[in-house]
Amino acid sequence: RYLPKQRKTVLNMSQRRSKPDEKITGTEVVQGDLQLDEGSNDEKEMTPLSIDERYQQERQEMRIKHWKESAFAAGLVNVSWQEEKSCSFAGLLQPEIDPDSAGCTCCSAMVCGRLGAGRVGNMAILHQSQEWVEEIEEDEETGEQRTQRFTRPKLNWMMGPYWPMLLLVTYPLILGVSFWTLVSAIPKKTLPIQLAWLVCTLGLIFALAMTSFRDPGILYKYHRPPPKGGNGWRWNDSAQSYRPKGAYYDPDCAVIVEGFDHTCPWTGTAIGKKNMLAFQFFVGLVFVCLILDMLLLTGALV
């Protein structure tokens, strides 16, 4: 604070000393310092924030705090669906979500907020529980490893950001074609064909549910790589967490997913380590049921 003041004062004194007949008194130097102090005080005066600006500032601070202290490796989003305002007219023009995040947050804000669903990234938490885990930590000073036991949230049932397409497009198509086949073709077929169709159709619906409503493999937040096998871990700025090899940040779901493959709008969620098997069953049964329904409806299968 004082360096600029001294430089300006010395500059004024050097300029005046260039005049040989003029002397500088201590009073003039003090007056110059007082003038500088008054100017600096004017600069330090801040205009008071309005109520709306103060609210937005506190809200942003809460978002950043929740982002950094979250148990999961998620992006910077609003804390809850109640605070998500991207569905309003102003929010559609100027969304308040992370620029790197997408997804149907408009519908989630209106529906999930009323249902009281939780939130991690752009995904809605329908049900979660607590689990006990043991983790090996290494002391930074001594290098000694110790085991720590603690609880952390476990995601049991959840929906991805594109759940409206799942509920309004994918499921109606499957249920509509299946109901049409059930009414017009199945009663005329033999029992083995009826059982085969029933098993394939129920398996398709179940595989879709296990893909869409389960945790795809959201990574827990790691502020430092684990002591064992942490050489291949990389830092991710979007989630403020380290991630292992094969785990990537999904901008649609705004989370890091282990074994991330892609985001499927038909299932409404990301496809990763924990729902990949169910997704493969779903894709296979889609073709089986489609061919079977076509054969039954056209009468090619007696």
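Analyst: Helices (H or I, at least four residues) and strands (E, at least two) are DSSP runs, numbered from the N terminus. This is a predicted model: local features need pLDDT of at least 70, side-chain atom pairs count only at pLDDT 80 or more, and totals for chains, interfaces and linings use all residues. Numbering starts from 1 along each chain as its sequence is written, and side-chain values use heavy atoms, without hydrogens and water.

User: How many helices and strands does the protein chain have?

Analyst: Both kinds of element occur in the protein chain. The count is eight helices and nine strands.

User: What share of the residues in the protein chain is buried?

Analyst: Buried means under 20% relative accessible area, exposed over 50%, and partly exposed in between (1.4 Å probe, protein chains only). The protein chain has 302 residues. The buried share of them is 34%.

User: What percentage of the accessible surface belongs to carbon and sulfur atoms?

Analyst: Areas come from the Shrake-Rupley method with a 1.4 Å probe; for residues, only the protein chains shown count as cover. The protein chain has an accessible surface of about 19,000 Å². Carbon and sulfur atoms hold 59%.

User: Of the contacts in the protein chain with a separation of 6 or more, what percentage joins residues 24 or more positions apart?

Analyst: A contact means heavy atoms within 4.5 Å. Among contacts with a separation of 6 or more, the share from residues 24 or more positions apart is 62%.

User: At what angle do helices α7 and α8 pack?

Analyst: Axes are lines fitted to C-alpha atoms, for helices over the stretch in contact, and angles run from 0 to 180 degrees between N-to-C directions. Helix α7 covers residues 191–212. Its axis and that of α8 are 8 Å apart. The angle is about 145°.

User: How many nonpolar residues are in the contact of α7 with α8?

Analyst: Trp197 and Leu204 are among the α7 residues that meet α8, where Phe282 and Leu285 are among the partners. Nonpolar covers Ala, Val, Leu, Ile, Met, Phe, Trp, Tyr, Cys and Pro; charged covers Asp, Glu, Lys and Arg; the others, Gly among them, are polar. Besides three polar residues and one charged, the contact has a nonpolar count of 18.

User: Is the crossing of α6 and α8 left-handed or right-handed?

Analyst: Helix α6 (residues 163–184) and helix α8 (residues 276–298) have axes that come within 10 Å and cross at roughly 35°. On the α6 side the contact includes Ile174 and Trp180; on the α8 side it includes Phe282 and Leu296. A crossing is left-handed if the near helix is turned anticlockwise from the far one by less than a right angle, and right-handed if clockwise. This one is left-handed.

User: How far from Cys200 is the nearest cysteine sulfur?

Analyst: A disulfide is a pair of cysteine sulfur atoms within 2.5 Å. The structure holds zero disulfides. For Cys200, the nearest cysteine sulfur is that of Cys289, at 5.1 Å.

User: What is the relative accessible area of Cys289?

Analyst: Cys200 is buried, at 18%. Cys289 is buried too. Its relative accessible area is 5%.

User: Where is Gln240?

Analyst: Most residues other than glycine have a negative phi. Gln240 has a positive phi, near 55°. Its place is the loop between β4 (234–236) and β5 (241–243).

User: What is the phi of Ala254?

Analyst: Ala254 sits in the loop between β6 (248–250) and β7 (255–257). It counts as buried because its relative accessible area is 0%. Ala254 is not a glycine, yet its phi is positive, at about 60°.

User: Which residues does Thr151 contact, leaving aside neighbours within four places in sequence?

Analyst: Thr151 belongs to strand β3 (residues 145–159). It counts as partly exposed because its relative accessibility is 39%. Its C-alpha atom is 10.0 Å from that of Ser129, 22 residues apart along the chain. The contacts are Gln130, Glu131 and Trp132.

User: What C-alpha distance separates Ala109 and Gln82?

Analyst: Ala109 is part of helix α5 (residues 105–115). At 11% relative accessibility, Ala109 is buried. Ala109 and Gln82 are 27 residues apart in sequence, and their C-alpha distance is 6.5 Å.
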